[in-house]
Amino acid sequence: MTRFVALLLTLALGLGTAAPALAQSPTLDKINQSGTLVIGTRTGSPPFGFVNKDNQWVGFSIDLVEQAILPALSKKLGKEIKLEKKESTPPTRIPLLTSNAVDLIAETMTDTRPRRDSVDFSLTFFVTGAQFLVKKGSPIKGIQSIAGKRIAAQQGSTNARIIRERVPNAQLREFPDQPAAFQALVQGQTDAYTNDGIQLAGLKAKAPKPGDWTIVGDFYSYEPYGMAMRKNDSDFRSVVNNGLMEAIESGKYFELYDKWFGPKGEVPYPLTAENKRFLQLQVVPK
Amino acid sequence: MNYKFQWSVLWSGQSGSWLLQGVLMTLEISALAWILAVTLGILSGALRTVPFRPLRAAATFYVEFFRNVPLLVWMFFWYFGVPPLLPAGAQEWLFTHGAEFWAGMFALGVYHGARFSEVMRSGIQAIPRTQFEAAQAMGFTTWQVYRLIILPVALRLIVPPATNESLNLLKNSSVALTISVAELTFQTRQIETYTARAIEALTAGTLIYLALCLSIATIMSRVERRFAIPGLIVRVGGG
C-alpha cells in the first residue's frame, strides 16, 4: 500500500508543479546534481543481483553497472559518480523508474515491445529463455506436459503470460518473489516452477540439496535482458549503451561473465558461441 | 512529470474482465474472512470479560498472539506452515482445491478476529456493571446474561469501530497476493504486466477500493442509525 500512496503522491506533485525541464537530459542532470546513480536491482536473483553469504549485495548486473556504466558516466559528467542500490521486483520496477525513485533498472528484466511503450531499454546484455524447475523424476518434461498441473511463476514476468496464453488449463500460481515460489515447489503446493533458465540454474545452485532438482524443457520463450530507463532520454541512454559496448569490446564483459557464469562462478552457465557473437554484433563502430 | 496517460488500457483487451475477477475475489475472500473474524471476535471478546479466569486467559492469549504478529507472516504461516502438519492425502486434496484461497482466508479471518475481539470487549465494558448485577439478581445464568442482555446491547454499541475494522479487513485482503490469491491488487499488477502501464492500473485499483469501502461505510452508517440505542449513543445533530 505504501507504494500505492507514494505513486499517487508523485503523480499529484507531478501534475501540480509540471515544471518544464530545460535540460537535454533530465536523468543526467539529476545524476550530476546528486553525484549518484540510483539503480533498482534484485536481492534474490543469483547471480544477477542477490545478497551473498557475506551479506553483500552483489551480482553480474551490479558489476556491469559498476565496471561498465559508472566509468562511462563519470567520464561524461567529468566527476566521480557514486552508486546507490535499491530493491526492485517485476511489479515495482517500472513504477520505480517513472516516479524517479531510480534512474536505471539493472537486474533481470526482459526487453519486450509493450514494455518499450513505457520505458527505454539498453542493449541486450544477456540472453536466456524460460524452462521449468521440477523435482527429480517429475512427469513434467517441458511446456508440452504441464496441462492441468500446478505451475508456480513469478508475478509480472513474461513467462506467466506465455503460459496463460499457450496452456490456459495449467493452474498458474503467481508469487511476487522467487523464494516464495520456490518454497511452494519444495513443499508440493506446486508441481513445477517456471522462470528463465538462468534464474532456475541460479536457484538450483543455491538450494540446500541441488541434486534433488532438475531443469527441464526447451526454451519456450526468448528472454533478452536489457537495462531499463525512463523514456525519451536518449543522452542518458547513449551513455549507458556506450558503457556496455565498451565493456564488450574491451573484453571486460567476458571477464565479468566468467566471474559469475564460468566453471568456478556462482552459477556455471557457459556462454554459447552464438550468444557471444550476438553480443559483439550489437557493438557499433567508434 | 513526463508521463503520457493512456487510460484505454483499462478497458481494452482482457483488463476489464481481470478487474472484475479481482473485485469478485476480493469480495469473496473478505466476506468469508469477515464472517470468521466476527465470530471469533464476538466469542473471544465476550470471553475476555467473563468472571472465570482460565477462559479469560485463553481469550487474551488468542488476541495478543494473533494481533501482534504481522499479517504477512500469518499469510506465510497458513500457506507454508500449516499444510505440512496435515496428513499427505489431505495435503494433496487441499493443494488441488485452492489452498491459496483458504490459507489467505484463514490468515485474514483469524488476524482480524483478534482485532474484532478488542472492539467487542470495549463494547461490553461500556455497558454499566449494574446491568450484569441486575440480571444476575433476577436469576439469569452467566450464559443467559451474555446471550440476552450484554451481547445484543454491545453489538449495537460497537458499530462504528466495527465498520473501521471491516474496512481494514477488506483492504488487508490485498496482502493475500503474496501467496498467489488473484484478488484486486494482483489483477491490477497483471494489467501492468501486460500493458506496462503501472500508474493507470494502480489508479483503477485505488478507485475500486475507494468505491468498495465507501459503499460499506454507507451501509454501516445506515445500520448504525437504525440500531442506535436511544440514550446510550448520543448523536450530535440528531439523526
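Predicted model: local features only at pLDDT ≥ 70, side-chain atom pairs only at ≥ 80, totals over all residues.
Two strands pair if DSSP finds at least two bridges between them. Local features need pLDDT of at least 70, side-chain atom pairs count only at pLDDT 80 or more, and totals for chains, interfaces and linings use all residues. Residues are numbered from 1 along each chain as its sequence is written, chains are lettered from A, and side-chain values use heavy atoms, without hydrogens and water.

**Sheet in chain A**
- E2(A) and strand E3 (residues 49-51) of chain A run antiparallel and are joined by 2 bridges.
- Ser45(A) has Gly49(A) of E3(A) as its bridge partner.

**Glu66 of chain A**
- Glu66(A) lies in helix H3 (residues 60-77) of chain A; helices (H or I, at least four residues) and strands (E, at least two) are DSSP runs, numbered from the N terminus.
- Glu66(A) is partly exposed, with a relative accessible area of 35%; buried means under 20%, exposed over 50%, and partly exposed in between (1.4 Å probe, protein chains only).
- Not counting residues up to four places away in sequence, Glu66(A) touches Pro71(A) and Leu83(A), where contact means heavy atoms within 4.5 Å.

**Helix H3 of chain B**
- The buried residues of helix H3 (residues 71-81) of chain B are Leu71(B), Trp74(B), Met75(B), Trp78(B), Tyr79(B) and Phe80(B).
- These buried residues of H3(B) pack against strand E10 (171-175) and helix H7 (178-186) of chain A, and against helices H2 (53-67), H5 (99-125) and H8 (159-172) of chain B.

**Helix pairs in chain B**
- The axes of helix H1 (residues 15-47) and helix H10 (residues 198-227) of chain B come within 12 Å and cross at roughly 40 degrees.
- This makes H1(B) oblique to H10(B); angles under 35 degrees count as roughly parallel, over 145 as roughly antiparallel, 65 to 115 as roughly perpendicular and the rest as oblique.
- Leu19(B), Val23(B), Thr26(B) and Leu27(B) of H1(B) meet Ala204(B), Ile208(B), Tyr209(B) and Leu212(B) of H10(B).
- The axes of helix H6 (residues 129-137) and helix H7 (residues 142-157) of chain B come within 10 Å and cross at roughly 125 degrees.
- H6(B) and H7(B) are therefore oblique to each other.

How values were computed: Axes fitted to C-alpha atoms, helices over the stretch in contact; angles between N-to-C directions.
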